[in-house]
Amino acid sequence: MIAATGGGRVFRPGSAIAFLMIALWLAALSWACHGGPRGEHASVLSIAREGGEPGASGGASSTPLLGTAAVVEAHAAPGTPPFGVLARTPRLTKAPCANCHTVPLERMRWDGSDGRATAHWPVRLAHASDQVMTCTTCHAASNLDRLRTLTGTEVTFDHAYDVCAQCHSTQKADWEGGAHGKRAGGWAPPRVIYSCTECHNPHQPAFETRWPARAGRVAR
Ligand code: HEC
Ligand code: HEC
Ligand code: HEC
Ligand code: HEC
């Protein structure tokens, strides 16, 4: 239906309604983006406006999700942005090792030949061949509260990845870059990742081969 208006212009009620609806929709959108109920959700626009550091994540942080977990700053390769690693020492059941290891290892060592269990009977080395790897390849014999590198530098249990990296440099580089391993506390900064021994038992690091899980079948 067409109604004539003064001045010869044509007025279409349908288009007026459409115009009104678009205007209302725009108003609602702008309210949602600018002034909507604050607190629960930050609007996309406010996140963009408040940008920069650390607002690029909209103020989100991994810290609350990490809870009380101890984190240490990782020894990152030069040029790598700093990141954290979940500490391992607080979770070692046998630490501090010096509680028992008060004398040199040679004087404590027991091979279990009389049938008694050795102190560390759950530790069975199934990693590399015996010719290249013994306990003291990784553990500092003179200070069992520390690991050691092949050249004798002492390393804490929290930085065990420095020991692994000597022989697994590819995985170490992937891990540092985020392609191997897992991030703790979600994707928000600060970046904190799992250390190698969070997933791999250093004494038996290989995972057993597994078949992929199959979805359950629907009974007919
Ligand atoms: C409760 C006492 C106790 C604690 C705690 C302890 N050890 Fe020992 N450890 C022993 C004894 C005893 C031996 C030697 C005799 C044996 O193997 O039973 C030994 C032997 C060892 C050996 C030599 C094993 C071998 O076969 O040559 C290593 C390596 C070692 N301990 C590492 C550690 C580390 C690392 C820690 C800390 C994370 C630790 N121990 C904590 C009691 C302890
Ligand atoms: C490839 C390096 C490596 C070798 C070889 C190795 N260890 Fe360890 N060991 C580690 C690391 C790394 C840890 C810390 C594990 C963690 O973060 O959970 C550890 C932890 C331990 C602990 C403490 C476990 C706990 O939960 O408190 C004992 C005890 C121990 N090792 C004994 C031994 C003994 C005995 C041998 C030789 C039979 C041995 N290790 C060989 C790397 C090694
Ligand atoms: C002195 C060298 C050396 C050190 C240090 C070392 N590894 Fe190994 N690792 C080896 C060798 C050698 C093998 C056996 C490779 C093979 O069988 O192909 C191996 C095997 C492995 C495997 C199994 C690989 C596979 O293909 O299944 C894993 C996982 C692993 N190491 C993780 C670690 C971790 C984690 C650490 C640190 C706690 C570590 N390694 C420290 C030399 C080392
Ligand atoms: C979040 C758990 C996790 C962390 C952290 C982790 N790995 Fe692994 N790693 C795995 C899994 C899963 C595999 C694959 C196992 C398989 O396919 O059988 C693997 C495989 C490996 C292998 C076998 C070769 C390969 O690449 O598949 C090596 C060696 C290895 N990891 C070393 C390391 C080292 C060194 C670190 C620390 C710098 C590390 N891993 C950290 C879970 C982890």
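The model is predicted; local features need pLDDT of at least 70, side-chain atom pairs count only at pLDDT 80 or more, and totals for chains, interfaces and linings use all residues. Residues are numbered from 1 along each chain as its sequence is written, while chains are lettered from A and ligands numbered from 1 in the order in which they are written.

Select ligand 1 first. Of the 17 residues around it, Cys97, Cys100, Thr118, Ala119 and Cys135 come nearest (a residue is near if its C-beta atom, placed from the backbone, lies within 6 Å of the molecule).

Select ligand 2 next. Its shell holds 21 residues, of which Arg88, Lys94, Cys135, Cys138 and Thr197 come nearest. Helix 6 (residues 135–138) provides the largest share, 3 residues; helices are DSSP runs of H or I, at least four residues, and strands are runs of E, at least two, numbered from the N terminus.

Now display the largest nonpolar core, 10 residues in all, including Cys138, Leu147, Phe157 and Trp175. Such a core joins buried Ala, Val, Leu, Ile, Met, Phe, Trp, Tyr and Cys residues through C-beta atoms within 7 Å; buried denotes 20 or more other C-beta atoms within 10 Å, exposed 12 or fewer, and partly exposed in between. Helix 7 (residues 161–165) gives this core its largest share, 4 residues.

Finally, select Ala140, in the loop between helix 6 and strand 5 (147–148). Ala140 is partly exposed because 18 other C-beta atoms lie within 10 Å. The C-alpha atoms of Ala140 and Thr153 are separated by 8.8 Å.
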